[in-house]
Amino acid sequence: MTPQHGQSSRSLPTRGIVITAMLLTLAVTAYFGLSAKADPSIDRLVDFRGYHYGAVPDEFEYDATGAHGPVLSAGRPFWRVYLDRFAPSPEYVIIQGAALAELDHYPLALLRDVELENVTLSVHLKPMGGTLDKSQGLIWRAHDKHNYYAALASALDGKLHLLKMVNGQPQEIVAVPIQMEVQFEQEAPTPNWGWYTLKVEVYESHITVWFDDERLIETADDIFPMFISAGRVGLITHADSIALFDDFHIETENNR
């Protein structure tokens with residue numbers, strides 16, 4: 001068939017290809033737009049000021065990784081409101097006071113009703129003692145008590161540990177040296193009175209960790225796809241570590 005005057009013999013196939021491509025693009029965009037679940041907008045600070053000494057903060061649920069479960073006193077977890085006049089937000093903080101000397105024991109305080117994929121977490125922490133370890137830190141993307149990411153600052157070996165807990169088995173991703181001391185073990189007060197800051201920023205498979213405002217870890221981890229999804233956030237210690245926490249801050253990218 002001879003094309004009409006002014007009509008290219010290529011115009012109809014080319015137009016069809018363009019329309020098909022446009023429809024495919026719209027379909028892909030719609031699919032991912034519907035399937036992707038955005039993190040809720042959060043900018044939340046937990047500073048424990050509204051509690052009295054000895055209370056168990058109800059913002060959290062308490063559990064423990066390992067075979068031993070959470071250590072209880074009178075049926076309540078050993079996470080309690082504690083008094084520290086030199087805390088970043090004087091004077092109430094939270095203490096994890098259970099001293100179960102088992103290497104597979106990781107006490108957890110998980111924030112209620114919050115599940116996030118991409119988030120920035122920060123907290124002030126203060127090591128108070130321990131024999132097997134003197135570690136405390138943050139957890140995120142917790143699917144349950146046996147599967148999550150964690151950053152733990154240890155005053156025992158002087159390292160910041162980034163690990164992934166998989167079916168209750170810790171897998172260390174990286175560890176870097178830090179300067180961290182237990183105030184009670186010093187002959188004189190230190191300038192920070194034993195308090196340090198820990199911050200974690202996670203976006204998809206990327207993880208960045210700061211200690212005392214210094215960026216020390218920047219890495220990516222995507223070996224297990226299940227971990228690149230929304231999960232709970234919270235606080236963690238290890239073994240018989242006793243530690244204080246203050247000003248737990250949770251922020252999503254929507255608020256930055």
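Q: Where does Asp212 sit?
A: This is a predicted model, and in it Asp212 falls in the loop between strand 14 (206-211) and strand 15 (214-220).

Q: What's its phi like?
A: Asp212 has a positive phi, about 50°, although it is not a glycine.

Q: And is Asp212 exposed, partly exposed or buried?
A: Its relative accessibility is 36%, so Asp212 counts as partly exposed. That value lies between the 20% and 50% cut-offs.

Q: OK, what about phi at Asn167?
A: Positive too, near 55°, and Asn167 is a residue other than glycine. Asn167 is in the loop between strand 11 (159-166) and strand 12 (169-177). With 61% relative accessibility, Asn167 counts as exposed.

Q: Which peptide bond is cis?
A: The one from Pro90 to Glu91, with omega near 5°. Glu91 belongs to the loop between strand 5 (79-83) and strand 6 (92-96).

Q: Switching to strands: how many residues of strand 17 are buried?
A: 8 of the 10 residues in strand 17 (residues 242-251) are buried, so the strand is largely enclosed by the rest of the structure.

Q: Which way does strand 1 run against strand 17?
A: Antiparallel, with 4 bridges joining strand 1 (residues 43-46) to strand 17. Asp43 is opposite Glu251 there.

Q: How many bridges does strand 8 make with strand 17?
A: Strand 8 (residues 119-129) pairs with strand 17 over 8 bridges, in the antiparallel sense. Gly129 stands opposite Ile242.

Q: And strand 6?
A: Strand 6 pairs antiparallel with strand 17 over 3 bridges, and Ile95 faces Leu244 across that pairing.

Terms used:
Residues are numbered from 1 along each chain as its sequence is written. This is a predicted model: local features need pLDDT of at least 70, side-chain atom pairs count only at pLDDT 80 or more; totals for chains, interfaces and linings use all residues. Side-chain values use heavy atoms; hydrogens and water are left out. Helices (H or I, at least four residues) and strands (E, at least two) are DSSP runs, numbered from the N terminus. Buried means under 20% relative accessible area, exposed over 50%, partly exposed in between (1.4 Å probe, protein chains only). Two strands pair if DSSP finds at least two bridges between them.
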